[in-house]
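The exercises below ask you to work through one structure with its sequence and model side by side. Try each task before you read the solution under it.

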Amino acid sequence: MSGLILQALQSALYVRLSGDAALSAMISGVFDHVPDHTDYPYVTLGDASSRDWSTTTTTGADTQFTLSIYSRSGGRKETLLIMERLHTLLHGVALAISGHQCVSLRHSTSSVQLEGDGLTYVGRMQCNLLSEKE
């Protein structure tokens, strides 16, 4: 079961993030695959992994996923502000995931670094989702 949640989670994240007016005002979009010539800043749905978290009475998954924020604003501030908005939208929220019930959604780690091109700042947020299959 654990791998089955990944597509539903990606869809739920896309709906939640792209549907927020405040976040949309901050970024050019939320992407799985970033189209050529996309304007900065933007958010990508990154790596995800899931493992079985079932009990004798329920089928569940423990899923980790990463969101990445790309900015060329000349500093970390823009990236950090976007990360704050993402945290507000996801941490502790009962995310609506098709076929699954969100038990817990928590932000676990964050980082921001300047890429080797000397122009692009990348923020990464890792989150943990515990869910049960409906």
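**Exercise 1. How many aromatic pairs does a search of the whole structure find, and which residues do ring pairs link into a cluster?**

Solution. A search of the whole structure finds 3 aromatic pairs, where rings of Phe, Tyr and Trp (its six-membered ring) pair if their centres lie within 6.5 Å, and planes under 30 degrees apart count as stacked, over 60 as edge-to-face and the rest as tilted. Before going further, note that this is a predicted model, in which local features need pLDDT of at least 70 and side-chain atom pairs count only at pLDDT 80 or more, while totals for chains, interfaces and linings use all residues. Residues are numbered from 1 along each chain as its sequence is written, and side-chain values use heavy atoms, with hydrogens and water left out.

Step 1: Phe31 and Tyr42 form an edge-to-face pair, 6.0 Å centre to centre with 80 degrees between the planes. Phe31 lies in strand E1 and Tyr42 in strand E2, so this pair ties together parts that are 11 residues apart in sequence; helices (H or I, at least four residues) and strands (E, at least two) are DSSP runs, numbered from the N terminus. Both residues are buried, meaning under 20% relative accessible area, with exposed over 50% and partly exposed in between (1.4 Å probe, protein chains only).

Step 2: The ring centres of Tyr42 and Tyr70 are 5.2 Å apart and their planes stand at 20 degrees, so the pair is stacked. Tyr42 in strand E2 and Tyr70 in strand E3 are 28 residues apart, and their pair links distant parts of the chain.

Step 3: Ring pairs link Phe31, Tyr40, Tyr42 and Tyr70 into a cluster.

**Exercise 2. In what order do the strands form the open sheet, and which are the edge strands?**

Solution. Step 1: The 5 strands form an open sheet of mixed pairing, in the order E1-E2-E3-E5-E4, where two strands pair if DSSP finds at least two bridges between them. The edge strands, each pairing on one side only, are E1 and E4.

Step 1: Strand E1 (residues 30-31) runs parallel to E2 and is joined to it by 2 bridges, with Phe31 opposite Thr44. E2 and E3 are antiparallel over 9 bridges, and Val43 stands opposite Ile69 in E3.

Step 2: E4 and E5 are antiparallel over 13 bridges, and the bridge partner of His107 in E5 is Cys127.

**Exercise 3. Which element gives the largest share of the largest nonpolar core?**

Solution. Step 1: This core has 27 residues, of which Leu9, Leu17, Phe65, Leu86, Ile97, Leu105 and Leu129 touch the most other members; a nonpolar core is a set of buried Ala, Val, Leu, Ile, Met, Phe, Trp, Tyr and Cys residues joined through side-chain atoms within 4.5 Å.

Step 1: Among the elements that give two or more residues are helix H1 (5-18) and helix H3 (77-90), and H1 gives the largest share, 6 residues.

Step 2: Leaving aside neighbours within four places in sequence, Leu86 is in contact (heavy atoms within 4.5 Å) with Leu17, Leu23, Val43, Leu67, Ile69 and Met125.
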